[in-house]
Every structure is written in C-alpha cells, then in structure tokens.
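This report describes one protein model for a reader who is new to structural analysis. Please keep the sequence and the three-dimensional view at hand while reading.

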Amino acid sequence: MIEYMMIEGRKKAGIFQKRKRPRTCVGCGAEEGKKNLLRIVRSPEGVISVDPTGREPGRGAYLCISLECLNLARKKNALSKALKVPVSASFYDEVAMYIKAKLDGQTNEKEKYINSKFLDLVGLSARAGMLSVGQDKVLQELKKGKKMLVLLTMDCSNNVERAIAGYKEREHCTVIKLDFLDRKTVHSKLNLGKTQILGLPLDSGIAKKIEALVTEGVGDYE
C-alpha cells in the first residue's frame with residue numbers, strides 16, 4: 001500500500017514521464033526521434049501525402065530527410081508495404097522535391113548563421129586589438145615568428161596568396177580562403193577597409209572558434 005502511494009505521488013509530481021518512442025526510417029532502417037524524420041501519411045480516406053506536421057490522422061510511415069533514404073525506400077517499395085496501399089512513382093518524385101526544398105532551406109539558414117557568427121567573431125577580435133588587417137600587417141606578424149590563422153577573401157589576388165605561401169609551407173600559419181567573404185563585405189560590414197587578408201594569433205580562442213565555424217560549421221546552430 002505504501003509503495004502504491006509512493007508511485008501515485010511520483011506520477012502526480014511528474015517524475016514519471018511518458019517516453020517518446022523512436023520511429024524507424026523505412027529506407028535505411030535507422031531509429032530516430034519523430035521530429036528528425038519526415039512522415040508520410042495515408043489518410044482514413046486512402047489519400048497518401050507528405051505530413052509536415054507529423055500529426056495528420058491516418059497510418060504513417062517515416063523517412064530520414066535524405067534523398068538516399070528515399071531512393072532506398074523506392075527500391076524496396078517500402079512506402080507501399082508500410083502504408084499497405086500502392087504508392088506511385090510520381091509520389092516518390094513529389095517526396096523527392098519536398099526533401100530537396102527542405103534541405104536547401106536548411107543549408108541557406110546554416111550559411112546565414114555561419115556568415116553572421118563569423119562577422120561577430122571577427123568584429124570581436126578587432127575590438128580586442130587581436131586582428132591584423134592587410135597584407136603588410138599580417139606579413140609583419142609572421143616575420144616575427146608568430147603563428148597565425150590567416151583569412152583570405154574570395155576575391156583575394158594571386159599576389160597576396162603567393163606572399164604567404166612560404167609561411168604556409170613551413171606551417172607558420174593556417175590559411176583559409178573564405179567562399180562567402182569579399183573585400184566589399186569586409187569594408188561595409190566590418191569597417192576594415194577593402195582588405196583581402198586578415199590574421200589572428202593561431203592559439204587564440206577566437207581563432208579556434210572561427211576555424212571550427214568556417215571549416216566544420218561548429219557553433220550554436222541547430
């Protein structure tokens with residue numbers, strides 16, 4: 001009786017929470033949380049459609065948001081088996097268009113995040129007096145023996161790249177040419193003039209954050 005009362009008390013206190021059951025991708029067979037998968041639904045009337053909300057009434061099947069998984073599902077006729085109705089090739093094409101649009105949207109949002117975060121970090125390094133701006137200043141620091149993270153704009157000239165090539169070969173610097181930053185942006189967004197090259201101490205925390213951000217997309221983005 002005491003044990004029963006303790007359990008009931010825990011339920012009321014919210015200690016016992018309903019576990020969310022993972023769903024299985026009909027393409028690759030991986031288990032994921034519902035929010036990470038795309039739901040395909042067969043309505044009570046027998047209509048098959050993409051269910052972006054994941055809550056439409058009817059029988060559901062789940063896919064990773066991936067064209068590879070969709071192709072696997074197509075080869076295995078997996079949607080027909082899961083939904084227990086024939087699924088046409090044209091519907092698979094419709095799902096492919098939906099997935100492409102969703103992936104493009106995610107990519108654009110991530111690129112916007114990286115660009116914004118990058119500008120914030122460079123601006124922070126400039127205010128902290130850590131940023132070397134322009135070819136002369138960066139080369140001056142490298143000649144002193146300082147190891148640097150060197151950032152080049154996408155429209156950087158061959159002469160600038162040649163000027164730092166030797167330091168790169170001797171591993172005195174890590175060089176990253178940015179495909180989203182040009183001289184105009186450096187001038188308008190950072191107020192640093194139309195420079196082609198920026199440098200930071202390689203072992204600084206900001207340099208490490210910038211390198212991780214632009215090479216791996218690491219940050220707070222979700």
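## Terms and basis of the report

A residue is called buried when its relative accessible area is under 20%, exposed when that area is over 50%, and partly exposed in between, using a 1.4 Å probe and protein chains only. By this rule, Gln 196 counts as buried, because its relative accessibility is 17%.

The model is predicted, so local features need a pLDDT of at least 70 and side-chain atom pairs count only at pLDDT 80 or more, while totals for chains, interfaces and linings use all residues. Residues are numbered from 1 along each chain as its sequence is written, and side-chain values use heavy atoms, with hydrogens and water left out.

## Overall composition

The protein contains eight helices and nine strands. These elements are DSSP runs numbered from the N terminus, with helices (H or I) having at least four residues and strands (E) at least two. Of the 222 residues in the protein, 34% are buried.

A contact means heavy atoms within 4.5 Å. Among the contacts with a separation of 6 or more, 64% are between residues 24 or more positions apart.

Gln 196 lies in the loop between helix H7 and strand E9 (197–201). Not counting residues up to four places away in sequence, Gln 196 touches Leu 151, Leu 152, Thr 153, Asp 155, Cys 156, Ser 157, Val 160 and Arg 183. The C-alpha atoms of Gln 196 and Ser 157 are 7.7 Å apart, although 39 residues separate the two in sequence.

Gly 54 is found in the loop between strand E4 (48–51) and strand E5 (59–64). With a relative accessibility of 10%, Gly 54 is also classed as buried. Apart from its neighbours within four places in sequence, Gly 54 is in contact with Lys 34 and Arg 39. A distance of 8.6 Å separates its C-alpha atom from that of Val 41, which is 13 residues away along the chain.

An α-helix has 3.6 residues a turn, so residues three or four places apart point the same way. In helix H2 (residues 67–76), the buried residues are Cys 69, Leu 70 and Ala 73. These residues cover an arc of only 100° around the axis, which puts them on the same side of H2. The arc is that of the directions from the helix axis to the C-beta atoms. The face turned away from the buried side of H2 carries the exposed residues Glu 68 and Lys 75.

Helix H7 (residues 183–190) has Thr 185, Val 186 and Leu 190 as buried residues. Seen down the axis of H7, they fall within an arc of 105° and so line one face of the helix. Lys 184 and Ser 188 are exposed on the other side of H7.

## The packing of H5 and H6

Two packed helices are described by the angle between their axes and the distance between the axes. Helix H5 (residues 135–143) and helix H6 (residues 158–169) pack at an angle of about 10°, and their axes are 11 Å apart. Axes are lines fitted to C-alpha atoms, for helices over the stretch in contact, and angles between N-to-C directions run from 0 to 180 degrees. H5 and H6 are therefore roughly parallel to each other, a description used for angles under 35 degrees. H5 contributes Gln 135, Leu 139, Leu 142 and Lys 143 to the contact, and H6 contributes Val 160, Ala 163, Ile 164 and Tyr 167.

The buried residues of H5 are Val 138, Leu 139, Glu 141 and Leu 142. They lie on the same side of H5, because they cover an arc of only 160° around the axis. This buried set packs against strand E6 (132–133), strand E7 (148–152), H6, E8 and E9. Asp 136 and Lys 143 are exposed on the face of H5 turned away from its buried side.

## Positive phi values

Most residues other than glycine have a negative phi. Lys 84 is not a glycine, yet its phi is positive, about 60°. Lys 84 is located in the loop between helix H3 (78–83) and helix H4 (89–127), and is exposed, with a relative accessible area of 57%.

Glu 171 likewise has a positive phi, near 60°. This residue belongs to the loop between H6 and strand E8 (173–177), and Glu 171 is exposed, with a relative accessible area of 62%.

Definitions and conventions: Parallel < 35°, antiparallel > 145°, perpendicular 65-115°, else oblique.
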